Amino acid sequence: MSLGKILWVDDEIESLQSQILFLENKGYEVKAMTNGFDAIDFVKDNYVDVVLMDETMPGITGLETLAKIKEVNQQVPVVLITKNETENLMDDAIGSQITDYLIKPVNPNQVLLSLKKIIDNKRLVAEKTTTAYQQQFRNLFMALNSNPDHNEWMEIYKKLVYWELEMEKSDSPEMREVLQSQKQEANTEFFKFISRNFAKWVNPRSTDSPILSHTLFQFKVLPHVEKGVPTFFILLDNLRFDQWKAIQPIFAESFRILEEDTFYSILPTATQYSRNAIFAGLLPIDIEKQFPRQWKNDEEEGGKNLFEEDFFKAQLKRLKRENLKYSYTKVVNHQAGQDLVNNIHNLLGNDINIIVYNFVDMLSHARTEMEVLKELASDEISYRSLTTSWFEHSPLHQALKKIADKKINIVLATDHGSVRVKTPYKVIGDKQTTSNLRYKHGRNLNYEPKEVLAFRDPREAGLPVPTVNSSFIFAKEDGFICYPNNYNYYANYYRNSFQHGGISLEEMIIPVIKMTSKVPNG
């Protein structure tokens, strides 16, 4: 089996016979040509892995040939072999997308090294990834089965995300499948873990609970707020840890990343519960008690996240930090994003600036988030790349770049993640039941107990009781809840869409990232 097909173009090809033989002995297949015209014709009709090309040839130069070859096949790597390394020649060549260049006289090992670098790079990366994951597989398997605590679960999930991102470099569908099934197994165990522990965590007397939505500010944000250095708390709606990893390099260009941490979203992992809990510093049951007018249950009319600023103000007061000067900005459309860009400098006088950015909403505008994501992001890989290109061109990125040269701190977090759902579950309920696909509450819910985590008394989960005898149920793993009427239609319509509200690693273990500007202190 040949290691690769090489096309070598040089008007003095006879003098290169020993070099060609050397490459053939190493396992490459080499096609030799003496001029650019033949080379262009050859590339039109044949697959080649790499073109080696002399720059100075009579008739048509190497650079002209290069341009024509690129018109025929943009992807083919070209190595230019040149007598002189003059700067403008190299500029032209690099502008015309050469992959590498060699200076004459070339020795056989130089050529071999260049080919190896180009051809083997993809393959080596893929193989290395696969082998490394195979070694890690057992460790992950053992970690899953050793009754992990909430900190160990965060580590397990970070490792799974790490391997998922690494696997994008590998083209081994088998290994991706192994990883997918390991993720599924992890979610099965995680569901059991949450079912056993969640009620304990939200009990006010608990001493061993992780940082949850309602304790995020107290433990992860306010301790870092210092007078004289503005802190920006950015809440990017609906951001999974793998999406953070996808946009991390863009942040790293302008800011120093100090800590990449995770915390747990409360249940339901839906905006009105988890985000209100973050800003109030309270569980939903307590928000309803202390702010009966502002708290809205699912079936009540009116916006569910209109009072985040009031809640935050009350939290500052409760934590005796009301002397902090703060601002609150919510970005729900492009115009608000532009306003943020224009206004960002005015925020530098505050101790803490809250920016709530409805990224998924903005991606989708007036259409439902689900439809847009279903069309644009049919799987995790495309969801991540969608996040990256959105963030790169977003007003948020522009605004932050404008103040990157000032001494500031940033805490980036989210309210919940999302999970791609695949398994429909039938639930029967009365008219009051909620429309969310990952959790329901209502009276007389009829469900298969194995398929969900149920709280007959919502107060055990730190949740208000919307109507007498109302219970909450949460979907597990990749399940989604459908009512029996039009069951098949809804099951097919929602399958493979990204949803939130239930119990999965992707929805519950979410990023909180600490960054600071790169400007020298002082």
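1. A nonpolar core is a set of buried Ala, Val, Leu, Ile, Met, Phe, Trp, Tyr and Cys residues joined through side-chain atoms within 4.5 Å; buried means under 20% relative accessible area with a 1.4 Å probe, protein chains only. The model is predicted, so local features need pLDDT of at least 70 and side-chain atom pairs pLDDT 80 or more, while totals for chains, interfaces and linings use all residues. Residues are numbered from 1 along each chain, and side-chain values use heavy atoms, without hydrogens and water.

2. The largest nonpolar core has 107 residues, and those touching the most other members are Trp153, Phe190, Ile194, Phe198, Phe217, Phe233 and Tyr264. Helix H7 (residues 173-201) contributes the most, nine residues; helices are DSSP runs (H or I, at least four residues) numbered from the N terminus.

3. Beyond four places in sequence, Phe198 is in contact (heavy atoms within 4.5 Å) with Leu212, Ile266, Leu267, Phe455, Ala461 and Met508.

4. The axes of helix H6 (residues 150-167) and H7 come within 11 Å and cross at roughly 160°; axes are lines fitted to C-alpha atoms over the stretch in contact, with angles from 0 to 180 degrees between N-to-C directions. H6 and H7 are therefore roughly antiparallel, a term for angles over 145 degrees.

5. Tyr273 lies in helix H10 (residues 271-280). Tyr273 counts as buried because its relative accessibility is 0%. Leaving out residues up to four places away in sequence, its contacts include Ile266, Trp295, Asp298, His441 and Phe472. Glu127 is 146 residues from Tyr273 in sequence and 44 Å away in space, C-alpha to C-alpha.

How values were computed. Buried means under 20% relative accessible area, exposed over 50%, partly exposed in between (1.4 Å probe, protein chains only). Helices (H or I, at least four residues) and strands (E, at least two) are DSSP runs, numbered from the N terminus. Angles under 35 degrees count as roughly parallel, over 145 as roughly antiparallel, 65 to 115 as roughly perpendicular and the rest as oblique.
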